[in-house]
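Please go through the structure shown below with a view to its charged pairs, its strands, its nonpolar packing and its backbone geometry.

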Amino acid sequence: VEAVHLIADGKAPRIPQPKEGATYEGIQKKENAEISWDQPAAALHNWIRGHDKVPGAWTTINGQVVTFYGSSLFDASVPAGQELTIKGASRPGLVTKNGLVIFGNDGKMVLVRNLQFEDGKMIPASKYFSADETTALELTEEEKKIAEDIR
């Protein structure tokens, strides 16, 4: 109660926060968010989730910077998937139907759900190998008539 009264009266002591040890702003830089692969799965997961959404934990895949979002620890048998070579990782990741499975140096796994490329395009990690495929929208005759009516 005394503290509240001091604040209300404008008499509360003000102690400036020291600048030494203040690191929050430095962590928020993209260049500081690169994934170091020589860590256990739990540390990889914490790093990815800790940088989710800003600035985003990233790595290099096929010469391109790729940012990882939405990780979770994956405690199951190694799933079937297509191998994806990741620069600096001790073993390739696996693109599965649920996302990208990456491995810590302890052999345990982390599941990453979304990937973002340098151009800003974000995709589900499970669609990594089909990201370049585009399908044309084909309308039925009835749908073409509706589209024409709308125009």
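The side chains of Glu141 and Lys144 meet in a salt bridge, with N and O 3.6 Å apart; the term is used here for a side-chain nitrogen of Lys or Arg within 4 Å of a carboxyl oxygen of Asp or Glu. Because they are three residues apart in helix α4 (residues 141-150), Glu141 and Lys144 are separated by about one helical turn. Helices (H or I, at least four residues) and strands (E, at least two) are DSSP runs, numbered from the N terminus. Glu141 counts as exposed at 61% relative accessibility, whereas Lys144, with a relative accessible area of 42%, is partly exposed; buried means under 20% relative accessible area, exposed over 50%, and partly exposed in between, with a 1.4 Å probe and protein chains only.

The model is a predicted one, in which local features need pLDDT of at least 70 and side-chain atom pairs count only at pLDDT 80 or more, while totals for chains, interfaces and linings use all residues. Residues are numbered from 1 along each chain as its sequence is written, and side-chain values use heavy atoms, with hydrogens and water left out.

In general, side chains of opposite charge can pair when their charged atoms come close.

The peptide bond from Val54 to Pro55 is cis, with omega near 0°. Most residues other than glycine have a negative phi, and most peptide bonds are trans. Asn62, although it is not a glycine, has a positive phi of about 55°. Asn62 is found in the loop between β1 and β2 and counts as exposed at 63% relative accessibility.

The hairpin of β1 and β2 has two residues between the strands. Strand β1 (residues 57-61) and strand β2 (residues 64-74) pair in the antiparallel sense over five bridges, pairing being assigned if DSSP finds at least two bridges between two strands. Within this pair, Thr59 stands opposite Val66 in β2. Strand β1 is mostly covered, with five of its five residues buried, and the cover extends to both faces: Ala57, Thr59 and Ile61 are buried on one side, and Trp58 and Thr60 on the other. Thr60 has a relative accessible area of 17% and is therefore buried. Leaving aside neighbours within four places in sequence, Thr60 is in contact (heavy atoms within 4.5 Å) with Ile86 and Lys87.

Which residues have the most contacts inside the largest nonpolar core? This core has 21 residues, and those with the most contacts inside it are Phe68, Leu100, Ile102, Val112 and Leu115; a nonpolar core is a set of buried Ala, Val, Leu, Ile, Met, Phe, Trp, Tyr and Cys residues joined through side-chain atoms within 4.5 Å. At least two residues of this core are supplied by each of α3 (41-50), β1, β2, β5 (99-103) and β6 (109-117), and the largest share, four residues, comes from β6. Ile102, leaving aside its neighbours within four places in sequence, is in contact with Trp37, Ile48, Phe68, Ile86, Lys108, Met109, Val110 and Val112. A second, separate core of five residues includes Leu94, Val101, Phe103 and Leu111. In soluble globular proteins, nonpolar side chains tend to be buried together.

Glu83, in strand β3 (residues 82-84), is exposed, with a relative accessible area of 56%. Leaving aside its neighbours within four places in sequence, Glu83 is in contact with Pro92, Gly93, Leu94 and Phe129. Glu83 and Val95 are 12 residues apart in sequence, and their C-alpha atoms are 6.4 Å apart in space.

As for the record, UniProt lists residues 29-130 under "domain: Formyl transferase C-terminal" in an unreviewed entry; UniProt positions are given in the numbering used here, feature names are shortened, and annotations may be inferred rather than shown by experiment. Over residues 29-130 the chain is 10% helix and 39% strand, and the end C-alpha atoms are 30 Å apart.
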